[in-house]
Amino acid sequence: MRIDILTVLPEILESPFNCSILKRAQDKGLVEIHIHNLRDYSLDKHKRVDDYAFGGQPGMVMQCEPIDRAISSLKQQRVYDEVIYTTPDGVRFRQPLANRLSLCRNLIILCGHYKGIDYRIREQLITLEISIGDYVLTGGELAAAVMADAIVRLIPGVINDEQSALFDSFQDDLLASPVYTRPSDYKGWKVPDVLLSGHEANIREWELQQAIERTQRLRPDLG
Ligand code: 6GU
């Protein structure tokens with residue numbers, strides 16, 4: 001998979017992709033992540049990428065030209081499955097969408113900023129508008145990092161235990177069950193007996209009951 005991220009703040013995106021699992025995934029050749037500075041596509045002599053909104057609303061709007069030039073240049077080189085725009089008024093990013101996007105070959109993620117982007121870009125070039133939750137961020141960079149992380153970890157080989165992504169919270173609309181490690185008694189805080197019993201069937205049943213109970217208590221909306 002290849003992910004191209006278009007942003008006016010490439011610095012924000014450097015560290016999330018340059019350590020730990022996402023770094024190793026790139027080193028192993030499982031994913032290519034390319035970060036592009038939209039200013040490099042500005043034809044303005046001051047490399048501006050935004051301007052005042054028509055209609056007099058406060059706040060700056062990202063202009064068509066740098067975004068169009070960046071996306072066109074990428075599209076000339078390969079076919080993209082989706083051109084994603086990060087915006088609080090997009091569809092909610094959930095596990096099934098992450099699953100679907102993890103099967104794509106090439107993705108563009110355009111990070112929103114300022115008051116937004118010129119609406120013509122959304123109408124003409126964007127194929128998918130995504131929000132990561134009902135709150136407003138200063139820009140789309142952190143949302144793009146969240147999405148890329150959730151997508152890339154689903155690519156086979158990215159996380160060590162091939163099966164473990166299947167058991168994540170949300171994969172089956174159930175929260176994960178609690179986990180424990182040694183010691184079995186820490187300051188009198190005990191690990192549930194069943195987990196020490198060695199009885200495989202009882203353990204699996206306990207985990208399922210915990211998952212159901214925690215989901216009903218903490219996330220009744222998932223049921
Ligand atoms: Cl994708 N962008 C911004 N700016 N704020 C958000 C968001 C995205 N998702 C939730 N809040």
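Predicted model: local features only at pLDDT ≥ 70, side-chain atom pairs only at ≥ 80, totals over all residues.
Residues are numbered from 1 along each chain as its sequence is written, and side-chain values use heavy atoms, with hydrogens and water left out.

**The whole protein**

- You will find eight helices and nine strands in the protein; helices (H or I, at least four residues) and strands (E, at least two) are DSSP runs, numbered from the N terminus.
- The radius of gyration of the protein is 22 Å, whereas a compact globule of 223 residues would have one near 17 Å. This radius is taken over C-alpha atoms, and the globule rule is 2.2 Å times the number of residues to the power 0.38.
- Along the principal axes, the C-alpha atoms fill a box of roughly 70 × 40 × 30 Å.
- Buried residues make up 41% of the 223 (buried means under 20% relative accessible area, exposed over 50%, partly exposed in between, with a 1.4 Å probe and protein chains only).

**Helix 1**

- Helix 1 spans residues 10-17, and P10, L13 and F17 are buried in it.
- Looking down the axis of helix 1, you would see its buried residues within an arc of 65 degrees, so they line one face of the helix. The arc is that of the directions from the helix axis to the C-beta atoms.
- A handy rule: an α-helix has 3.6 residues a turn, so residues three or four places apart point the same way.
- On the other side of helix 1, E11 and S15 are exposed.
- E14 also belongs to helix 1, and it counts as partly exposed because its relative accessibility is 44%.
- The cover over the buried residues of helix 1 includes strand 1 (2-7), helix 2 (20-27) and helix 6 (141-152).

**Backbone details in loops**

- R182 and P183 are joined by a cis peptide bond, with omega about 5 degrees; P183 sits in the loop between helix 6 and strand 8 (185-186).
- D173 lies in the loop between helix 6 and strand 8, and has a positive phi near 60 degrees although it is not glycine.
- K47, in the loop between strand 2 and strand 3 (50-52), is a non-glycine residue with a positive phi of about 60 degrees.

Key: Contact = heavy atoms within 4.5 Å.
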